[in-house]
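Welcome! Let us walk through this structure together, one step at a time.

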Amino acid sequence: VDPKRGCKVDVVFSTERYNQEEGEQRLGKCSAHVFFKNQKPRPAVNVTCTRLIEKKKREEEDQLLYKRMKQLKVPLDAASIPDSRGHIDASLRPIWDLAFLGASYVMWEKTSQSLHYYLVQLSSVKQWKTNDDAIDFDYTVLLHEFPTQEIIPCRIHLVWYPGKPLKVKYNCQGLQTSEEASGTVEGSAVAPTELSNI
Amino acid sequence: MQGLLVFTVLLGVAFGNEDFVGHQVLRISAADEAQVQKVKELEDLEHLKLDFWRGPTNPGSPIDVRVPFSSVQAVKVFLESLGIRYKIMIEDVQSLLDEEKEQMLSSKPRTWVRSTDAFNYATYHTLEEIHDFVDLLVSENPQLVSKIQIGNTYEGRPIYVLKFSTGGNNRPAIWIDTGIHSREWVTQASGVWFAKKITEDYGQDPAFTAILDSMDIFLEIVTNPDGFAFTHSKNRLWRKTRSLTAGSSCVGVDPNRNWDAGFGKAGASSNPCSDTYHGKFANSEVEVKSIVDFVQSHGNIKAFISIHSYSQLLLYPYGYKSEDAPDKEELDQLAKSAVTALASLYGTKYQYGSIIKTIYEASGSTVDWTYSQGIKYSYTFELRDTGRYGFLLPASQIIPTAKETWLALLTIMEHTLNHPY
């Protein structure tokens, strides 16, 4: 691949269940081709995995998680998860998990050949609604950007209903100016990078 | 400065709830004797009600004055018409006082501990608690440990370095610093643990005793005190110093881009609002200059280790250029042994290599400068983790991190001892 026009990275990794329990086996091996075109973010990703959790089981787990979330009372001043000392209260874990999921879409969209990200913190929750069937989650996260070392706040609005594609709208603040990156992502229910098994 | 502010508040209270809304504190730079005189004349104008915190003395010494709201315009016009330079140090004294008050009311009471054995190493501490720890450690080990002040920060805090020595006169030494980037909390916490470890192992562990019998160790635990205080009071993710930059509303310089090695080249930012802002010139930051002065006047430092987090890396020069350092082979081999030792404890995997090849291009970084000064064993660590918690590393990981890192440090120190140069 012509380095001026793009950069191809091949990645091999193994997956495990998120929040894996002790003694659970790792899942399958995956290989991915990642292609950055013309220094632009949002690389094309082509992933194949040898073994994931079967679809039916995934759907069951989603439903369970969904039920649990509907019952959650989220204190709207649930700011700073984890806190300064890296601590996440067990009761707030599901919120963190969902926040992380939404943030992972944003990070994928922003990642380029020269910039990559880690999620630092869920810094505030604007809204957590579950009155109609979907979970409607409006929050802000802080992303740590390499190599600039900047901390980027991103406002994310996520709507989830198990079985339906995840909808993510976001808006990230640039450095001191109004450079913003925003977008809408629709999670596909087909690609393995989907939202079950969280 | 903080003490003065509190004093002023108390005075204000004593004189019947004085309020400081709109009051500004100006720092005046008188260029010559004539300008100093003019400012002295200002002092005499009682109706302006000026309150000099640092009075006019001679050209070159800053003059700090609190100006009541009603006099602000007049004073500025006066200074400007005479071409006397000044900058606004505090935009509104009252809001600063309000913030401080809130902070004092809401912050946890200082945890007072009677001995370093009772100190909790598995939790994150405040600046005051670390200072108390340091004083305790010195008093418990007066033969081995002493505290040196190498300077004062931008905001006036003392900068302390611990010296561990079993005697001799200016022995070859090892320097370790933690917390140069204030948000990297596991590093200052590890520094505290290292300090205690040194006092425990000397005389007990033969290999370590051999090191300290021939060499001195200097340990700067809080290398960026202003930044560290800020991570506790206002912004947990603050990285830089807290210096004010003339002409910008943004604060702070990246102390790991401010050294005189490839200063200002690619790998740092010239934007004061950036987290990798290199500053107006090399060593502009007193926190950096203090170390530079110390290293140069000591003249016998043989290993220099600067500790950061996160990414799990052990790095050696260069950051600002891609050519190999002359000692690359040896530095690489030593790094390999060090990370192997580190992994032996809990299996924590580190990568190693030159800064530019392993992490990213960075100019004006600490170890590029120390290496240029002839300190061959110049290393930068990036401790746990690799991004899962990043800066917000759970406190439960402090001691494991410190323990494994210590093994790597021992490897480097031993090699330095056995390869004098």
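Below we look at where two chains meet and then at one residue.

This is a predicted model, in which local features need pLDDT of at least 70 and side-chain atom pairs count only at pLDDT 80 or more, while totals for chains, interfaces and linings use all residues. Residues are numbered from 1 along each chain as its sequence is written, chains are lettered from A and ligands numbered from 1 in the order in which they are written, and side-chain values use heavy atoms, with hydrogens and water left out.

Start at the interface. Here 20 residues of chain A are in contact with 27 residues of chain B (contact means heavy atoms within 4.5 Å). The two chains bury about 1,900 Å² between them, with 54% given by carbon and sulfur atoms; buried area is the accessible area (1.4 Å probe) that two parts lose on being put together, summed over both. In chain A, S84(A), R85(A) and Q149(A) lose the most area to chain B, together 31% of what that side buries.

What about salt bridges across this interface? The rule, a side-chain nitrogen of Lys or Arg within 4 Å of a carboxyl oxygen of Asp or Glu, finds 0 between chain A and chain B.

Now turn to L144(B). Is L144(B) buried or exposed? At 10% relative accessibility, L144(B) counts as buried, because buried means under 20% relative accessible area (1.4 Å probe, protein chains only), exposed over 50%, and partly exposed in between. Leaving aside neighbours within four places in sequence, L144(B) touches several residues, including F164(B), I198(B) and Y202(B). The C-alpha atoms of L144(B) and Y202(B) are separated by 9.0 Å, although the two residues are 58 apart along the chain.
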